[in-house]
Structure formats: C-alpha cells, structure tokens
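Welcome! Please take a look at the sequence and the 3D structure below, and then we can walk through them together.

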Amino acid sequence: MSVTKTPADFIITVPISGMTCAACVAHVGSALEGIPDVSHAVVNLATENATIHSDNSIPSISTLSNALEDSGYGLKIENITLAIEGMTCAACVSHVESALLSVNGVTKASVNLATERASVGYISGIASASDMRASVGESGYQATRVGEGEYDYGSTDREARDLIRRMSVSIGGAILIMAIMLIPGIRNLLPFESRLLLLALATPIQIWAGREFYLSAWGALKHRTSNMNTLVAIGTSAAYGYSLAVTVLSLAGITIGEGHTYFDASCAIIGLVLLGRLLESKARRRAAGSIKSLIEMNPDKARLIREEEITVSVEEVIVGDVVIVRPGERFPVDGTVSEGAGTVDESMLTGESLPVQKKPGDQVFGATINGSGSLIYTATRVGRNTAHARIVQLVEEAQGSKAPVQRLADTVSSYFVPIILTVAILTFIMWLLIGPSPSYLSAIKTSVAVLVIACPCAMGLATPTAVMVGTGRGASMGVLFRNAESLEQMQKIGTMVFDKTGTLTMGMPSVTDIASDENLSTKELLRLAGSVEARSEHPLAAAVLRKCEEENISLTDVTGFEATPGMGAVAIVEGKSVAVGSVAFMRSRGLEPASSESTFGEALVTVDGKINGKINFSDEPRKESLSAVSTLQKMGITVVLLSGDRRQVAESVARQLGITRVESEILPSEKANRIREFQADGRIVAMVGDGINDSPALAQADVGIAIGGGTDAAIEASDVTLVRSDLTLIADAVSLSRASIQTIRQNLIWAFGYNILLVPVAAGLMYSFFQGDVPIILTPLIGDHGFLNPIAAAGAMALSSVSVVLNSLRLGSVSLKT
C-alpha cells in the first residue's frame, strides 16, 4: 500500500479483486466512500487498484476488507512461500508467525517446522517480501523467498557440513576433556594446572560451536520471548560459567568446594544437541523427499518440431508447440497425440503400474514416461497449468498446512520454555537448600539437566512430519489431500455419499442385451440398427456403435436418414426401411409397442414397419464399484447413493452394489441440502462426485472427494482428489488418514510423555528413591546420589525429536489395512 500524507489528507492505494466492468468500478467506489473518514475513492479498472483519500487516518485492513466483501468484491490477496532458517522448536514457529503477522498487509501466515517453510498471504502493494524478511530477521531468524517451481529443504548441504564440523569438534573436545580428567598420567605430564587446558579446550567450543544457541536466544530475548535455544544456552552457560569461575579463582588460591569443573558437560551437551539436530535434519529431509522427487520427475528440456527439430528449455514451450518424445523419455508438458502410437507409464501421476496405450487424439501428461514408439503431440497445457504442476502445488500446500490436532501442541509449546525456566530455577533453589553436600553442585547439576532435557522440538515436529509423509504417500498412491485438515477429517468419516452417474457408474450407456424375433438373428438386428445409428449423435447410438465394434460387425451405408431429436431415427438400409428409437418414437410412426420396463433405456428396432426386436441399455457400474463400496462398509462407514435419476434406475444400481440407502430424483440444487441433513445427525459426511452439479455438495460436505476424470469445478470444490478414476482409492485414503492420525497421536504421546516423565527425573526425583545408595551400574547416568548426569540428559533430548521423525517416516511403508 503506497501511503502519502498531504496537508489535507491521507492517500492510500490498494489492489481490488472481482472487478469486471465499469459498473464494478462504481460499486467499489461507493463501498469505499461509505467507510467513515474516507472523503473519496478513485477506482481504476485497468490497474485493478483503488486510491483512497482519508481526512483523518488510514482505514484498517479489516475495515477495507469488510466494506468490499459486503459489496461482492475484495482486497487482492497474493501468496508467497518463504524458506525459514534458524527454527528449532514449536516456540520458534510461533515467533516467526507472529513476526510475519505483525507486518502491515499480511493477512495470514502458516509456518511449518518440518519443512522449514512459511506460507504467507498478503495484500500486494501494502506488504512486500522485503518487509517480511526484515520482520523475521528482527525476531532472530532468516527468511528467503522461494521462487516458483523451486523446492528444497530449508537446511542446505553447506549448513549440514557446518553442523557436522561443530558437532564433531564438540564431541571430540568433550572426550578429550574427559580423558584428561579421568587419567591421572595425562595431568601429571602437564607443566601447568590441568584446568587451564580444559578451559582452553572448552572455550572455543562454547563460543564457536554453540554460537547458534546464543544468537537465537538473544534474538528471542530482544522480543521478550524464549525458545529451545534459550534452554541450551542457559544450561551450557551455567556449566561453563561455574567451571570458568572455579578455574580462575584457583589461580588466585581460592578453592570452590572440591574444585570440580563441568567443562566436559558443557562441551558434550553442545555436541549431543548438535548431533540430535543433524540426525533430525537428515530424517526430515527423508520426510520431505516425496515432494522433491515428484518435482524432479519433470524434464528440464523439450524437443520441438518447428522448421526443424530443436531442443529448448521446458519453460520455453508454449501452448500449440509440436513436441516429439522418443521411447524412454519423459513428456515435458501436457498435450494431445497427433502422430504415432505406443504405451506410456503414468504411474507417477495415477499410481497405476500398468502402462497405458496411446494413439492419435489421446491425452498425454508431463513427467510421465514414453514406453514404446515415438510420439508427436501438440502442447495443450504448460508451466504451472500441467497436471504434474497442479499435483505438486496441491501436495506442497497440504504439507505446508496445519492439522487442527496441532493446535494443542502449539498452545502448550508457547508456554513450555517459560515453564521449564521456572522449573529449573525452583530446582536450583530447592537443592541448594536441601541437597547433599556440597549442595551447590547438586543444584547446578539438576538445574542444568532440567534445562537440557526439556524438548519442545518433539512437540513441534509431531504433527507436521506425519502430515508431510502422509500426504507424500497419498500423492504416490494417486490420492491428493488439499490440506492437513482434510487428512485429519478423512479418518472421522461416518457417512460416505456417492453420486451415481460417472462416479459409481461409467457415466455412459452400454448395450446389455439384444432381443430379436425369429425373422432376424441378434447379430443381424445389431448390424441394421448400427448402420442407422452411425449417422446419429445420440448417446444410445454411440453405445450401439461401440457394441458393433466389439462384435466386429461391418456396417452398411444408408440413404434417406432422418432423425427425431431425443426419440429415434429412420433410414433405408439395403432397400429396407429400418427405424431405431423409443416406444414414443414407434408410436409416432403408427405402431403400438408395449410400455417400456427398462430401468435405464431401450431402443426398439423395426424393419419395413414391423417390430423385430429391441436393444436394452444400462449405465454399468464401474468394475471396482462393488469392491469399493463393500470395503467402506466393512470399515464401518455408511454408504449412501445420491442421484438425480428415476427411483427405479437408482435402486437398480444400488442393488448391484449392495447399497441399502438410496436418495433418488434429487435435483442438483438440492444435493447440498441433503448433505446438510446427513450432517444434522451428528456424523462426519464425505461426498464423492465428478461433475459441475456436484460442486455445491462437495463444498458442503465435511470432506469432498473428486475423482480424477471429473470436471475442474468438482476438483476445485473438493478436499481430496483421486488422480485416477479408481474408487478403491477412497478406502486407501481413509486407511492412510487413520494411519497418519494414529502416528500423530503416537508422536504427541511420546513428545508430551517424554517431558512429563523425564523433567522430574532431571530435577532430582530419583534422589528420593536411592537416598545416596545408587547401584554402581547406574552411576554413569545418575551419579552417586540419583541426580541425572547433564550429558545423559542432552543425549535423551537429542534422541526425542529424532524418534518422532523416524516414527513419522514409518508411514511411508506401513501397511494400510482396509
């Protein structure tokens, strides 16, 4: 928003969405001028901007948005993806989101710890990427814009190498310090106090290897917040600071207690925390691998035929270009085959392993693999409009979204670090007052252990890693979840409502049987009918022709063809007058056939004015419909058939598929109302459809499911999209959702349980059990008094978040039980 202030007023410029004509300009202007303090507004249709003049102050974003929405327009919202560096726990997520939302013009921000990305909605012209980066930077993190088509995990290989170096030096330094402390012979060889060597070894590790903890903690402190790094920084600083004091004072002849130092603990803690982050980073990269591998499937180059064959970057391909793809190569963009024939591996798109035959007129899709035969095709969709790009976009959006179950973890995490700091202070005071002598050592050890063992990282990663792996596996199966909420809702479904035509059925009529009298064989009857119907465009005529092709029946040219739209047709075939049509059509021709008993449709066939037989049709159920319905019912889901067809037709299909509840003769406008009625019973309702008329019902349902062969409108209105028209994928989607939510619950139980159980142990709970009589086998972990070794605490913390990510990775291979 460009804002200027003149002696007379404030002037602001905002982008407007939804304007199409001059009347819109007037409506928007009136809406804006209706806002208090707005003197006048100048609306430009060409630039889709409105310049607002205000006498006293700049109207708020919400005020502008509400005024425009009431008039049927809106502020134009742009979306941007930022890669965030420096996040370590759920508290960091909250800090980055707050920083982004504090930028004027940012309307929404969703930060994902697992992918290290932020999805931001903002009003172009009011907010900018540089504003967002600056705000994130001020909060102690780094943000960089992710370009279109880019996908990379937030942590780079260079950062991973730096992490390995610092981790290796820290752990190596800790081992060396322990050796010096434990082996008297080494200390005796030194011409000076051994603690000076320990100080020299520990100091660079504390400053260099542990710098990220201090920088992040300082950035949080400047904003009066705290995070995981705050705990590590305070814990290691306490151990290092005490040891530094002991060492320096010893030079002056002042001995504190027994003169024991904790340089080994400070170095080991830093090293183990960095090791945990390294392992966690590698595991998270694996979790993010599904989407990255999906993107890398698209080729960088395309071979075009213009005046001659040339090779160009895939970004240079435009609609209408003629593309050639040889065997074994990937298709660069979507298009229609014009020359050649062969098989194509579309498994990356649909999850179907069997190759698909392609011939002129068939569609091919970018990133799929040409199996046999060179194909020449015309590009129809390029860039971000290809099927592959749309799938990538859906998966990215799903992986970057938050599931409702994550709100609990986010809420707890926002209070977690302050609570742990409080517990550490209270622990220090308690053991300083009542701890075994020397009590200050017990106080230091326990408070450091509390700070180090606490792990908000696991809570922050519990949900997003499972969502990432779950949605990635769904994409590989041919199931696309629009967001994390869809993944969570899917497992709650109690009622599954199916549209009939084109969803449970093939959506096109087919010949089921042919009846003829003694004068004609069924093949001859079909040949005569097919010869007439070859000139017709009616759907039933197309079904007759498909049947003739299946039966290898040769058709005859006809003369005198006449069609009555919607009823039938007549023509001269080999000198005979052949009519094909409905009962009404035959009655119009003076015949008196019996009323139709067909549940779908029939065509009577007459030769020279005599009825010689009939052809029956039906919209056959998809081959997998019975299996899909049966599986869903076994999973405890009620299946409902919702159709606009006649009751007899709908019930006939329902009987074939084992569906007991049928809602027939429902107008498209009434489908959404029926969904509301189902929801009123308190059940979570899913709607499966494929057509434009299904869109309102798909949007009304708790989970809208669109099949891949459906219209764009249906897919846009849905929460889940089946890439290929295979209804058995619905049960797979439900099973995947159940497995994903089960994994999230396991992660959350582990994350919360870990902290609930181990923080008290770190605070000295075991002291009351052993009363100074610790079994020798446990002394490396809990010492002589039952106080947890801070080094063991750091190791446990490092493993906690890694365990959560590894558990989420199981989703990639877990068996989906249906």
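## Ground rules

Helices (H or I, at least four residues) and strands (E, at least two) are DSSP runs, numbered from the N terminus. This is a predicted model, in which local features need pLDDT of at least 70 and side-chain atom pairs count only at pLDDT 80 or more, while totals for chains, interfaces and linings use all residues. Residues are numbered from 1 along each chain as its sequence is written, and side-chain values use heavy atoms, leaving out hydrogens and water.

## The whole protein

The protein has 29 helices and 31 strands. Of its 818 residues, 52% are buried (under 20% relative accessible area, with exposed over 50% and partly exposed in between; 1.4 Å probe, protein chains only). Among contacts (heavy atoms within 4.5 Å) with a separation of 6 or more, 67% are between residues 24 or more positions apart.

How confident is the predictor? The mean pLDDT (the predictor's confidence in each residue, from 0 to 100) is 82, and 90% of the residues reach 70 or more.

## Annotated spans and a helix

An unreviewed UniProt entry carries the annotation "transmembrane region" for several spans, including residues 167-186 and 446-469. Positions from UniProt are given in the numbering used here, feature names are shortened, and annotations may be inferred rather than shown by experiment. In the model, residues 167-186 are 95% helix and 0% strand, with end C-alpha atoms 25 Å apart. Residues 446-469 are 92% helix and 0% strand, and their end C-alpha atoms lie 37 Å apart.

Helix α26 covers residues 728-762, and its 35 residues should span 51 Å at 1.5 Å a residue (the expected span is 1.5 Å times one less than the number of residues). Its end C-alpha atoms are 50 Å apart, which agrees. Just after α26, Gly 764 takes a positive phi of about 110 degrees.

## Two residues up close

Where does Asp 362 lie? Asp 362 is in the loop between β15 (356-358) and β16 (363-364). Its side chain reaches the backbone nitrogen of Lys 359 at 2.9 Å. Leaving aside neighbours within four places in sequence, Asp 362 is in contact with Gly 335, Thr 336, Val 337 and Gln 357.

Val 392 belongs to helix α12 (residues 387-400). Is Val 392 buried or exposed? Val 392 counts as buried because its relative accessible area is 8%. The C-alpha atoms of Val 392 and Gly 472 are separated by 9.9 Å, although these residues are 80 residues apart along the chain.

Methods. A polar contact is a pair of N or O atoms within 3.5 Å; within protein, one must be able to donate a hydrogen and the other to accept it, and residues adjacent in sequence count only if both atoms are side-chain atoms.
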